[in-house]
Structure formats: structure tokens, C-alpha cells
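Student: I have a structure open and would like to go through a few parts of it. Can we start with a helix?
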Amino acid sequence: MAITSNMRINGERLWDSLMEMAQIGPGIAGGNNRQTLTDEDAEGRRLFERWCTEAGLSMGLDKMGTMFARREGTDPDALPVYVGSHLDTQPTGGKYDGVLGVLGALEIMRQLNDLNIKTKHPIVVVNFTNEEGTRFAPAMVASGVFAGVHTLDWAYDREDAEGVRLGDELKRVGYLGDEEVGARKMHAFFELHIEQGPILEKENLDIGVVTHGQGLKWLETTLIGKESHTGSTPMPMRVNAGLGMARMTELVNEIALSHAPDAVGAIGQCNVYPNSRNIIPGKVVFTVDFRHPDKAVIADMEERYRAGAKKIADKIGLGMDIEEVGGFDPVEFDADCVSAVRNAAERLGYSHRNLVSGAGHDACWINRVAPTAMVMCPCVDGLSHNEAEEISLEWAAAGANVLFHAVVETAGIVD
């Protein structure tokens, strides 16, 4: 039995699931605040687990809290096809980033049940822990441990802004499993995600076939100046850490622009101390984010930033420390899995184009240990990591339909 173009997911059911999940950890402006391993994240996990149980799936949980919901195949020796993403959000996140990939994967299982389709390979829906990295840096921690990029103990020791350990929060919310991380072997892995960029919407295309992922480097910079009164300290006598950050922000922008059009760079997170209206900042901590699909370009941007930042700090008289707190090399996804995505889009009659993902995803780490590919659908104005993030039911259904076909074709339908 072959998969045919009339086999599609239930778009209305997928959309209803997205909206029900969005009720957990609502933001203040229409989005979500369901940061990893918070009470809200645990509530979202419990809802997902209930849905999986209702779909007849068995649930596994590893020592990083990653959830694995399995639908059996007919061949007990066949490696499973994995599909999923993450349920955690940014503090001011949208309703679809990550969540679409998990619930789109769950919808595959529901529709296979509805159609009474059996597959040779088992299929497993995955919810990875701490993909966003906003509470516990860096991003994609659990998938990084799974792929052997990080050690388990190192991941457990990640601390949030309040000094709370990731490992302790796994225990507190009840999602510390006993399965060894990375012990599972995968036949393939697929991830559906909103584009988080404007290309698909601008070109009026249905589907992005992701061939590569940009590399990323996060450089946490600490500047030490001297706190003093803003009104009574003469300008030439100031050692202003805030001024140093301002000049380094301009430096980051110049470096990224010099590698246009593919390079990007920004300072997205900063903390100023003591953060008082009438005190010159004595300390600033901020993170530089550089990205590019070429590893050599990322290295060049980092080298130029370190050298330029030192000149700025020396001129002002600041102490400075730069620490790499996250990063990964550019990714080239598996050719066969990418072809499965492209073939699915063509079979279903969706317009599509190749894309390079500008954001990091769990698929970027899993690609190290299994054949991997990604599907993307448009999002309004390319907006993401924002409560105003928006997609349509039709876009969600198109992405999930392509995901369904790519996953089921890879898993093999049994007559």
C-alpha cells in the first residue's frame, strides 16, 4: 500500500489542539509564557501526555525530561521514525513556535488511527526539554545531551536567573525520567516548525523544505566599570559600563552587515547593574548572537568582535570578560529525508522552496546522530518569539500534511 495524495491530517482537530494548549501559560498580549520546567510547562506536558494516552501511545521519559510517545510498528526490529519539537516557550512567546511541531506530530498518530494504517517502523512523537534556552542557557539543551554535545551533569547544573538548577527543577515538576539520554536509536527524525522569517509569506509559498541550518555563536560579555552619581561625576572621570555596551552594540551591527546578506548579529539580552536612574552603570552583562550558514564566517565575526570589544573596553577603562555560552556549527540535513519532504509537498500540490533555517532547532543537534530534515510553514510578517506570532489554520494544516506524508512514507505503510 502506497501513501496517496488524498491521505491528509485533520486540520480542524490540529487547530483545536493548538488553541487548547495555548490556554496553558497565557501571556499578557495573546501569546504564551510557558518557560521550561515551570508549573505551566508541567501542565502543558500533562495535557500532551493525556492526549497521547488517548491515542493509544506508550510514553517514555529520559533523564532530561524529554517525552517519547510511541506508536508500534509491525516490525519489532525496525528502528522508529521520530517526529516532534518542543512545548516550552519564550517569556513572551507565541502559540505556535515549537508547539506546532509537537502537536502536528501527534496529529499524525491520530490520523493513522482514524485511517487504520499500520507502518513497518514504529513512529515516536518527541517533546524535547528546554529548546528555547531562555530560562536555562543555552538553547536545545536536552537534544544536545541526546546527541552527545553536552554531558548530563553539565546540563543539570545550568542555572536560571534566580540560581535555580535545571536538574532540581526536573525533579520538582515531576519530569525526571530514568531512561538514559541518547540510548534510543532513530531510523530518521523530522521536525515541523513555523518559518520564523518572512520569506514564505512574502513569496506566497506554502512550504519551506529546509536543507540547511545556520550556525550560531552566543558570546556573553561582562563589562566592569565604576558606579558613581550621574549628576555629580564629571564626564571625563566616568567609567561607564553602559557606554561600553552601547558601542559594542554598534560594533556587532557593523560586523554582521559586513557579511551581508546571510549574516545576522544582535545583542538580544542585557542586564545593567545597579539599574538605577541616577547611578552610572558599574556592571553590564549582555549576550551577542552571531549566525551564518558558513562556519568560517562565524569564526571571523567572533574574532573581530573580541578584538573590537577589547579596544572599546580599554579606551573607556572597563574590565571585560567574554564567555561562549552557546553555539553550534552550520547544519546540512540528510538528502533522503529532505527529498521525502520535497516529494511530499509536490505530491500534495503545495508550492514550496528550499530554505536555510535562520534559527536553531532540536533537529540541528539530532542531525548528528540520525538522518534528519525539517518542514516549515509561513508565519505572519515572519514574526516569532513574540506574543503577536500568528499563522493560519491552512498554513498549519499544509505543514502537518507534508510532515504526515514524509514521516509515513519513511516509516513504510503495511498492506
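Student: What span should helix α10 have, and how far apart are its end C-alpha atoms?
Tutor: This is a predicted model: local features need pLDDT of at least 70, side-chain atom pairs count only at pLDDT 80 or more, and totals for chains, interfaces and linings use all residues. Residues are numbered from 1 along each chain as its sequence is written, and side-chain values use heavy atoms, with hydrogens and water left out. Helices (H or I, at least four residues) and strands (E, at least two) are DSSP runs, numbered from the N terminus. The 13 residues of α10 (335-347) should span 18 Å at 1.5 Å a residue, and the end C-alpha atoms are 18 Å apart, which agrees. The expected span is 1.5 Å times one less than the number of residues.
Student: Which residues of α10 are buried?
Tutor: C337, V338, A340, V341, A344 and A345. Buried means under 20% relative accessible area, exposed over 50%, partly exposed in between (1.4 Å probe, protein chains only). Seen down the axis, the buried residues of α10 fall within an arc of 155°, so they line one face; the arc is that of the directions from the helix axis to the C-beta atoms.
Student: And which exposed residues are on the face turned away?
Tutor: A335 and D336.
Student: New topic. How many aromatic pairs are there in the whole structure?
Tutor: A search finds six. Rings of Phe, Tyr and Trp (its six-membered ring) pair if their centres lie within 6.5 Å; planes under 30 degrees apart count as stacked, over 60 as edge-to-face and the rest as tilted. One of the pairs is W15 and Y96, with centres 5.7 Å apart and planes at 25°, so it is stacked.
Student: Are W15 and Y96 buried or exposed?
Tutor: Both are buried.
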